[in-house]
Amino acid sequence: MAYDLVIQGATVVTASDTFVADVAVKDGRIAAVGSVDARQAKTLDARGKILIPGGIDVHTHFDMPFMGATTADDFTSGSTSAVFGGTTSVIDFAIQKKGEELRQALDLWHEKAEGKSAVDYGFHMIVTDMPEKKIKAMDDMIKEGVASFKLFMAYPGIFMSDDATIFRALMRTKENGGMVCMHAENGGVIDVLVQKALAAGQIEPKYHALTRPMSAEAEATRRAIALADMAGVPIYFVHLSAGDAMDEVRRARERGQAVFAETCPQYLYLSYEDYERPGFEGAKFVMSPPLRPKGNEERLWKGLVRNDLQVVSTDHCSFCMKATPTKPGKELGKKDFSKIPNGAPGVETRMMLMWDAVQKGKLTANRFVDITATTPAKLFGLYPRKGAIMPGADADLVLIDPNKKTTFSAKTHHAKVDYNPYEGKTVSGAIAEVFVRGRHMVSGDKFVGKLAGEFQRRAPRSFN
Ligand SMILES: [Zn+2]
């Protein structure tokens with residue numbers, strides 16, 4: 001067979017194995033792994049480089065309106081940023097506004113993404129309005145390949161659902177095979193603390209963190225675990241930040257409950273101290289849940305090793321610090337921390353930050369692939385099409401040059417946001433080449449592809 005491309009002699013790293021092999025690509029898929037006859041094929045000498053399945057970031061917000069602002073990144077800049085960082089698929093969040101049908105929200109997000117993405121993409125559906133009479137609309141989403149739903153226990157009046165709504169949605173996923181993704185923070189308690197802080201004149205960015213205690217996350221996590229247990233369904237926690245919340249997840253898993261959680265690099269690499277940077281700079285790190293006190297990150301690293309946490313995603317939700325002519329920035333909250341749009345960029349830095357952890361001995365290379373690609377694909381209905389290097393899988397492939405270094409900076413990143421949370425940080429390794437379904441997208445610091453990312457219909461859950 002004449003292959004389209006043969007990547008020769010790379011050190012292939014999967015979630016389970018490490019071996020030297022050639023990987024052949026034909027019609028956008030992996031056609032062979034092993035010792036491959038490369039005659040008539042285009043070849044790429046990858047000796048000394050690491051070949052991994054393309055990163056899968058199951059938590060991004062591109063082109064999202066929130067808190068009076070809109071994210072700096074749309075699908076084009078967000079996905080370009082992703083692919084430069086070695087991520088070849090994202091799952092973004094479509095948002096049902098109150099009173100709106102899920103269908104309308106899905107149509108809108110298709111419109112935002114279609115023809116504008118460098119990487120393949122899927123959607124979770126954010127559910128904000130789900131009375132019993134509308135609940136069948138969730139089944140329709142599953143048929144559309146949107147196999148997961150995000151609910152909020154935070155942001156009262158905007159996104160927050162009460163326990164009855166959450167419980168109804170969980171029960172429905174028993175019927176339709178969907179997965180509920182939960183933002184677990186006790187929104188009511190946080191609101192009281194925020195009002196109290198503001199009344200006392202506490203307006204600086206650090207009060208964002210001081211009004212969102214770890215206990216608010218741990219309590220909501222525990223409550224959601226109980227609701228999922230009563231409904232008899234699995235549950236997935238997004239952006240878990242607090243060691244105390246992780247302990248709730250671990251205890252539930254030890255009891256045999258199907259509970260899963262992701263954390264994000266910001267909770268592993270940054271901390272509360274970043275809010276105390278001079279002036280308004282702390283606003284760069286205003287996100288929910290907030291960064292936690294130093295020491296918490298070590299608990300999360302251990303949780304990743306022990307499989308208390310299964311996924312590392314980014315919650316990429318970029319707002320500029322300074323307003324542009326068309327978009328207000330984080331400055332909206334200069335006199336009131338509660339008005340700072342919540343979120344930070346991360347889709348471009350995730351893979352290399354986690355690869356650096358491999359070099360530092362915090363994770364094995366196989367575990368790195370597992371938490372950044374393979375398990376995300378398995379939990380969200382993309383496996384084995386994605387998240388694997390095996391014949392038949394999509395040729396979403398990333399080559400890492402382990403001998404180079406990467407320095408993160410807003411001057412060189414590809415997101416449209418005017419800061420980088422890791423400004424000046426240097427990590428070992430660099431993304432050398434990126435392929436999405438066999439199409440060459442990135443070569444070193446050059447974009448060589450096109451915006452041909454496709455919507456990925458995801459399969460409903462195959463586990464209980
Ligand atoms: Zn998010």
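Which side chain meets that of Lys 26 in a salt bridge?

## Salt bridges across the chain

The partner of Lys 26 is Asp 4, at 4.0 Å from N to O. Lys 26 sits in strand E2 (residues 18–26) and Asp 4 in the segment before strand E1 (5–13), so distant parts of the chain, 22 residues apart, are linked. A salt bridge here is a side-chain nitrogen of Lys or Arg within 4 Å of a carboxyl oxygen of Asp or Glu, and that rule gives 37 of them.

This is a predicted model, where local features need pLDDT of at least 70 and side-chain atom pairs pLDDT 80 or more, while totals for chains, interfaces and linings use all residues. Residues count from 1 along each chain as its sequence is written, and side-chain values use heavy atoms, leaving out hydrogens and water.

## Two more pairs

Lys 112 pairs up with Asp 63, closest N and O atoms 3.7 Å apart. Because Lys 112 is in helix H2 (residues 102–113) and Asp 63 in the loop between strands E6 (55–60) and E7 (65–66), parts 49 residues apart in sequence get tied together. Helices (H or I, at least four residues) and strands (E, at least two) are DSSP runs, numbered from the N terminus.

Then there's Lys 143 with Asp 140, also a salt bridge at 3.7 Å. Both lie in helix H3 (residues 136–143), 3 residues apart, about one turn.

## How exposed are they?

Lys 112 is buried at 13% relative accessibility, whereas Lys 143 is exposed at 60%. The cut-offs: buried is under 20% relative accessible area, exposed over 50%, partly exposed in between (1.4 Å probe, protein chains only).
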